[in-house]
Amino acid sequence: MRLAQRKSRKVGRVLTREEILRLHVQTVEPWKRILIFAMGLLVGAFSFLCFRVGAPVWIWVGFALCSAVIVLCGAFGRKAYLDRELQKMKDEGATRLLDAIINGL
């Protein structure tokens, strides 16, 4: 809802139903993103430990690359169009949620 409010303020008018349905929304809960981010940091720490112990380069570089990918996934999450996410819900719930967003503007 905050995303719709920000977008509405930016364009200087109330958004239409179609414009709201085209918004990109975060589809991963914050606690899952934090958990993924923490796991990426742990993999990075393991990579650093492998480097300090003197493991072969391909091992710690591989873990470092995996760590970077996991941290980026945790930091940015996954976004999708609101329309697609609402289609996954039952008909009544999606309509009520969209109406609440429009009424909140």
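The following legends describe an overall view and close-up views of a predicted protein model.

**Figure 1. Overall arrangement of the protein.** The predicted model contains six helices and two strands. Read from the N terminus, these elements follow the order α-α-β-α-α-β-α-α. The protein has 105 residues, and 19% of them are buried.

**Figure 2. A nonpolar patch on the surface.** Four residues, Phe46, Leu49, Val53 and Phe63, make up this patch. Together they have about 390 Å² of accessible area. The greatest contribution comes from helix H3, which spans residues 30–53 and provides three residues of the patch.

**Figure 3. Leu49 within the patch.** Leu49 is located in helix H3 and belongs to the nonpolar patch. Its relative accessible area is 49%, so Leu49 is classed as partly exposed; the exposed class begins over 50%.

Figure 4. Ser67 lies in helix H4, which covers residues 57–76. Ser67 counts as buried because its relative accessibility is 8%, and the limit for this class is under 20%. Apart from neighbours within four places in sequence, the residues in contact with Ser67 are Gly40, Val43 and Gly44.

**Figure 5. The approach of Ser67 to Gly40.** Here the side chain of Ser67 reaches the backbone oxygen of Gly40, at a distance of 2.8 Å. Gly40 is also one of the residues listed as contacts of Ser67.

Notes. Residues are numbered from 1 along each chain as its sequence is written. This is a predicted model: local features need pLDDT of at least 70, side-chain atom pairs count only at pLDDT 80 or more; totals for chains, interfaces and linings use all residues. Side-chain values use heavy atoms; hydrogens and water are left out. Patches are made of residues with over 30% relative accessible area and no salt bridge: like charges are joined within 9 Å, nonpolar side chains (Val, Leu, Ile, Met, Phe, Trp, Tyr) within 5 Å. Accessible areas come from the Shrake-Rupley method with a 1.4 Å probe; for residues, only the protein chains shown count as cover. A salt bridge is a side-chain nitrogen of Lys or Arg within 4 Å of a carboxyl oxygen of Asp or Glu. Helices (H or I, at least four residues) and strands (E, at least two) are DSSP runs, numbered from the N terminus. Buried means under 20% relative accessible area, exposed over 50%, partly exposed in between (1.4 Å probe, protein chains only). A polar contact is a pair of N or O atoms within 3.5 Å; within protein, one must be able to donate a hydrogen and the other to accept it, and residues adjacent in sequence count only if both atoms are side-chain atoms. Contact means heavy atoms within 4.5 Å.
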